[in-house]
Amino acid sequence: MTTDDGMRAVIDKLGSTPGETLTPERVEEIQTAMHEDLGRFINTTSYFVLGSYAEEERPRLEAVRDHLASEVQHSSTDEEVEAFLMDEILDISEFFTSKFKLLASYADNIVGVYEHSKGGHAWEAGYIDQPTYRDRTRAFYRSYDTEEEEYAAYDAMFAHYLLSMERVDRANTWTDPNDLLEEVRAAYVDQ
């Protein structure tokens, strides 16, 4: 697929989203975004890092992003690697969910870093729990010392999502940030 074909596919997807209209100006904005910022999906291996953007959790997402960008790149001499958070990509859609769906569709790898089920990342996990995304998704979720803490962190739906990811060998647990980075390394670098 050429870059122009890929861009056309993105524009067509956006145009088919209910409620989104694409004026000529909007098409031009999307083309600019594609050329300037979404080139990370062309001739690269991309890692879309998901999770809570809350003040306490975001540093761990950034650490995973940085770890993937540096460690995977060093382990693979012939591939460019791009690891990113959603808010680091230009807005190409007025709808937050449309932007998420496009990024999930184009990312080579979807990396969920979970510590609880409170927030928009729970919706994202539900969305990527589809056959289209499952083989590209890996969940890294925090385990807690007691069952009560675990129960307080993850509601039933999210806990069952994590269990389903475990059953297909797409989940890793961690207890502290050092464990998290080691699990990411084992899953993506040391394979």
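Predicted model: local features only at pLDDT ≥ 70, side-chain atom pairs only at ≥ 80, totals over all residues.
Residues are numbered from 1 along each chain as its sequence is written, and side-chain values use heavy atoms, with hydrogens and water left out.

**Aromatic pairs**

I took rings of Phe, Tyr and Trp (its six-membered ring) as paired if their centres lie within 6.5 Å; planes under 30 degrees apart count as stacked, over 60 as edge-to-face and the rest as tilted. The count by this rule is 14 aromatic pairs. One of them is Phe100 with Trp123, edge-to-face, at 5.6 Å centre to centre and 65° between the planes. Phe100 belongs to helix α4 (residues 96-106) and Trp123 to helix α5 (residues 120-128), so this pair ties together parts that are 23 residues apart in sequence. Helices here are DSSP runs of H or I with at least four residues, strands are runs of E with at least two, and both are numbered from the N terminus. Phe100 is buried, with a relative accessible area of 1%.

Trp123 also pairs with Tyr127; these rings are stacked, at 5.7 Å centre to centre with 15° between the planes. Both residues of the Trp123 and Tyr127 pair sit in helix α5, four residues apart, which is about one turn of the helix. I then listed one aromatic cluster: Phe48, Phe84, Phe100, Trp123, Tyr127 and Tyr133.

I checked for a charge over a ring (NZ of Lys or CZ of Arg within 6 Å of the ring centre and within 35 degrees of the ring normal). Arg58 lies over the face of Tyr53, 4.7 Å from the ring centre.

**Sheet and helices**

The chain has nine helices and five strands. The five strands form an open, parallel sheet in the order β2-β1-β3-β4-β5. Two strands pair if DSSP finds at least two bridges between them. At the edges I found β2 (80-85) and β5 (171-174), each pairing on one side only. The twist averages 20° from one strand to the next. Axes are lines fitted to C-alpha atoms, for helices over the stretch in contact, and angles run from 0 to 180 degrees between N-to-C directions.

I followed strand β3 (residues 109-114) and strand β4 (residues 137-142), which pair in the parallel sense over five bridges. Val111 stands opposite Arg138 in β4.

For packing, contact means heavy atoms within 4.5 Å. Helix α4 lies across β1 (44-51), β2 and β3, and runs at about 135° to β1. Helix α9 (residues 177-188) packs on the sheet and touches β1, β3, β4 and β5; the direction of α9 makes about 160° with that of β4.

**Asp169 and chain totals**

Asp169 has a positive phi of about 55° although it is not a glycine. Asp169 is in the loop between α8 (156-167) and β5, and it counts as exposed at 57% relative accessibility.

Of the 191 residues in the chain, 45% are buried. Among contacts between residues at least 6 apart in sequence, 76% join residues at least 24 apart.

How values were computed
Buried < 20%, exposed > 50% of the residue type's maximum accessible area, 1.4 Å probe, protein only.
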